[in-house]
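Student: I have a new model open and would like to walk through it with you. Could you help me get started?

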Amino acid sequence: MKRAHGDGMKAERRQSILRASRQLVTERGWDGFRLEDVAASLGLVKGTLYRYFPTRQDLLAALVRAEMDDWRQALADAPVHPRPGPWLASSLVGRELLVSLLTILHTGIESGLSADGLREILTYFAIFLGD
């Protein structure tokens, strides 16, 4: 695959890496998820992934943020229910990837994040919970 030049191409490359990663994590689980497999599925060398995500955990954290954004949008589009607990619980049905990633966020992802990645995920959740 050709090198991505320009912000548009780089953004599309980043999204393609996230899509491939989402598929592989869904199929294999986070512990069976390997950067080599993501790169191979896209016709890239593993080193290219490091241009976009410094560590495997940074890539997984980006997936967490993407899944959280999708869930947030679904919640915003749904009518508010008078019983928020069951409503929130039912909103997670079909979002197994999000639930799976959240269960390993502290023990399996945060510990391997780059300094920037840790700052990004903590800022993301502070903003998410503040809204």
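Predicted model: local features only at pLDDT ≥ 70, side-chain atom pairs only at ≥ 80, totals over all residues.

Student: Okay, and which residues of helix 2 are buried?

Tutor: Helix 2 covers residues 35–42, and within that stretch the buried residues are Leu-35, Asp-37, Val-38, Ala-39 and Leu-42.

Student: Switching to helix 1 and helix 4, at what angle do they pack?

Tutor: Helix 1 (residues 6–28) and helix 4 (residues 56–77) pack at an angle of about 90°, and their axes are 10 Å apart. The two helices are therefore roughly perpendicular to each other. On the helix 1 side, the residues making the contact include Ile-17, Leu-18 and Val-25, while those of helix 4 include Leu-59, Leu-63 and Asp-70.

Student: How do the residues of that contact divide into nonpolar, polar and charged?

Tutor: Eight of the residues in the contact of helix 1 with helix 4 are nonpolar, one is polar and five are charged.

Student: New topic: where does Thr-55 lie, and what does its side chain make a polar contact with?

Tutor: Thr-55 lies in the loop between helix 3 and helix 4, and its side chain makes a polar contact, at 2.6 Å, with the side chain of Asp-58. If neighbours within four places in sequence are left aside, Thr-55 is in contact with Gly-112, Leu-113 and Ser-114.

Conventions
Residues numbered from 1 in each chain as written. Heavy atoms only, no water. Axes fitted to C-alpha atoms, helices over the stretch in contact; angles between N-to-C directions. Helix = DSSP H or I, 4+ residues; strand = E, 2+ residues; numbered from the N terminus. Parallel < 35°, antiparallel > 145°, perpendicular 65-115°, else oblique. Contact = heavy atoms within 4.5 Å. Nonpolar A, V, L, I, M, F, W, Y, C, P; charged D, E, K, R; others polar. Buried < 20%, exposed > 50% of the residue type's maximum accessible area, 1.4 Å probe, protein only. Polar contact = N/O pair within 3.5 Å; in protein donor to acceptor, adjacent residues only side chain to side chain.
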